[in-house]
Amino acid sequence: MKRRNIAAACVLLAIAVGYGYQTALLPARTLPNTPDPSFFPWINTILLGVLSFALLIQAVLWSNDERVMEAQQASVPAIVALGLFLLYLVAIPFFGFVLSSVPFFALFMVLHNERRKLWLLIGAVGIPIFLYNLFKHIFGVSLPRGIFLGLLG
Amino acid sequence: MSSEVLQGLAQASLPTSLLATAIGSFLGLVVGMIPGMTISTGIIIILPLTFVMDPVISIALLLGLYVGGMMGGSFSAILLNIPGTPSASATAIDGYPMAVRGEAGRALGTAIIASFVGGLFSFLCLYFIAPLLAEVALKFHAPDLFSLLFFGLTIICSFAARSLIKGLLSAVIGLLIVTIGMDPVMGTARFTFGQVNMMAGIHFLTAMIGLFAIPQLVENLIALKSGRDVGRAQSGIGSIWPRLQQLKAIAIPISIGSVTGSFLGILPGVGGPIAAFISYDYTKKASKTPATFGKGCVEGIAAPESANNAVTGGALIPMMTLGIPGDPVTAILIGALMIHGLAPGPLLFMERGDFAYSVIFSFFWANIFNLIIALAALRLLIKLLATPKALLMPTIAILCVIGSYALRNNLFDVYVMFSFGLLGLAMRWLDMPVVPLLLAMVLGNQLEEHLRVALIGSQGDVTVFFTSPVSLFFLCLSGLSIFWSLYTGKGNKDKQ
């Protein structure tokens with residue numbers, strides 16, 4: 001946890017500096033006795049800076065350096081799942097909700113150890129189509145159709 | 001009864017509202033009992049469906065889910081020794097040994113009865129305390145409101161975090177995020193980087209979907225891959241009705257749990273798990289046979305179960321009267337109300353008293369339906385424990401996308417949701433709680449607004465926060481909560 005805390009404190013200190021810089025760029029208002037729009041962000045900057053520094057000091061002086069092996073071992077499927085999710089989100093504007101969801105759903109099922117083809121087919125095709133129609137016709141929410149389907153009209 | 005009370009009762013008792021409450025209760029029981037699914041995740045999944053519903057129906061559905069989820073968590077705790085929700089952790093201590101002994105049905109029956117009584121007691125607290133508190137809160141001025149919100153934030157940092165510094169950091173990150181968009185007093189664009197999508201700010205429901213659901217998906221996958229996934233529940237549970245002797249034995253534990261849970265529920269950030277363990281501890285200390293605790297006694301189930309269900313009504317009190325969420329679920333409920341143009345707080349009782357009471361009575365119905373459904377469909381619910389994760393998890397993932405998209409019909413929100421998912425994972429990795437961040441996102445704008453309005457009113461004089469007795473009281477409480485955290489060792493928790 002020690003290294004993690006030091007890394008987090010450094011990242012947060014950097015964010016405090018960046019946030020403070022952006023706060024300094026905010027427009028000033030000249031109304032009398034009125035706190036600027038930058039007033040609250042300045043408080044946040046100071047709080048973030050002080051607390052991040054406190055975390056850094058605490059990590060350096062007191063934290064132990066235990067390692068979480070389990071999390072490291074299991075991180076590969078987690079990264080794969082997140083990568084898959086990201087690809088899915090990138091695909092939605094192009095292919096629309098249904099076409100993007102089918103392969104994503106199938107791959108996510110495979111990732112969860114599902115190998116039965118019929119189940120994969122029912123889940124990956126059936127559930128996205130059901131949800132698309134449920135939201136479109138019952139709840140009046142049109143999910144993205146995608147650029148390619150949009151071009152087809 | 002005033003006309004508003006009667007109108008609220010009538011609205012909550014409409015067939016559509018009752019149906020929504022019943023469906024919510026059923027879904028809540030299912031969500032609560034499936035290990036790896038939290039009530040927050042369940043509500044997030046259902047949330048997009050409520051956008052187009054009438055506010056009364058929408059809140060009835062969500063309240064049903066909230067109350068049902070609390071009870072459902074005990075089922076897997078008793079049958080599998082794996083609490084479906086963190087609030088049911090204490091229930092497993094005596095519930096599972098009873099199940100092993102062949103008394104699973106009686107353990108479940110005890111949990112159902114205790115949950116019902118706890119929920120009903122907290123309904124009475126909600127019904128009687130909430131309007132009074134709202135009346136008091138109406139007299140608060142900007143400095144008082146600022147100090148009250150500040151207290152809400154500090155106390156949640158003290159309770160929700162293992163390390164005070166990390167809790168406070170989490171809250172400050174939330175405050176940073178709410179400054180994105182238009183400033184609440186002058187309407188100046190801040191930190192938008194010229195992006196039109198950023199002008200409206202980051203919607204906290206989008207953030208919440210990411211913060212809760214994505215880490216949950218990842219954690220479930222890791223559990224599956226590392227062989228920690230749960231087994232199947234036993235199918236035969238025997239009789240669910242406790243013996244007369246057992247019913248007598250649970251009377252005092254239920255009373256302790258109901259009072260403790262309702263009181264602790266009012267405090268933001270305490271939540272079900274703490275209330276459950278505290279009432280378990282009190283009951284054990286008050287018992288004539290403390291040695292039987294942990295070996296499968298009904299008192300050890302009744303106390304935590306009544307407490308965690310009593311927390312639900314308690315948590316609704318600050319939400320309804322002060323606009324301060326007591327836990328993540330009530331934060332989502334605030335979001336759900338805001339989508340319908342209703343802002344929880346003292347004005348809700350004054351301007352929309354009928355709606356405020358409909359929420360209170362929907363909570364009552366949720367407890368009634370919870371009892372009926374749990375007793376009638378217990379065996380069916382147990383079978384649902386075997387729901388295949390391979391279907392459930394991708395469905396949740398897709399619903400996260402739909403939920404964040406449907407909020408403003410904007411794909412930008414979907415990317416924001418995913419980014420918050422990564423933030424949530426990073427925070428778990430760092431053992432940093434997400435609840436203070438969430439609360440800061442809910443309260444941040446109001447906090448800034450009241451701070452600036454108070455300073456404008458006092459011509460920039462900061463002593464206004466110390467000269468108002470109410471404000472000073474809440475500031476002292478904030479100081480006490482931080483001091484308490486430091487005193488109990490949370491300030492240096494990481495060194496342990």
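Which helix of chain A gives the most to the nonpolar patch?

## Basis of the model

This is a predicted model, in which local features need pLDDT of at least 70, side-chain atom pairs count only at pLDDT 80 or more, and totals for chains, interfaces and linings use all residues. Residues are numbered from 1 along each chain as its sequence is written, chains are lettered from A in the order in which they are written, and side-chain values use heavy atoms, with hydrogens and water left out.

## Nonpolar surface patch of chain A

The helix is α4(A), with 5 residues. The patch is formed by Leu86(A), Val90(A), Phe94(A), Phe95(A), Leu99(A), Ile147(A) and Phe148(A), which together have about 630 Å² of accessible area (Shrake-Rupley method, 1.4 Å probe, with only the protein chains shown as cover). Such patches join nonpolar side chains (Val, Leu, Ile, Met, Phe, Trp, Tyr) within 5 Å, from residues with over 30% relative accessible area and no salt bridge.

At least two residues each come from α4 (75-111) and α6 (147-152) of chain A; Phe95(A) lies in α4. Helices are DSSP runs (H or I, at least four residues), and strands are E runs of at least two.

## Interface of chains A and B

Contact (heavy atoms within 4.5 Å) links 69 residues of chain B with 67 residues of chain A. The buried area is about 6000 Å², of which carbon and sulfur atoms give 79%; this is the accessible area (1.4 Å probe) lost on putting the two parts together, summed over both.

Technical notes: Patch = residues over 30% accessible without salt bridge, like charges linked within 9 Å, V, L, I, M, F, W, Y side chains within 5 Å. Salt bridge = Lys/Arg side-chain N within 4 Å of Asp/Glu carboxyl O.
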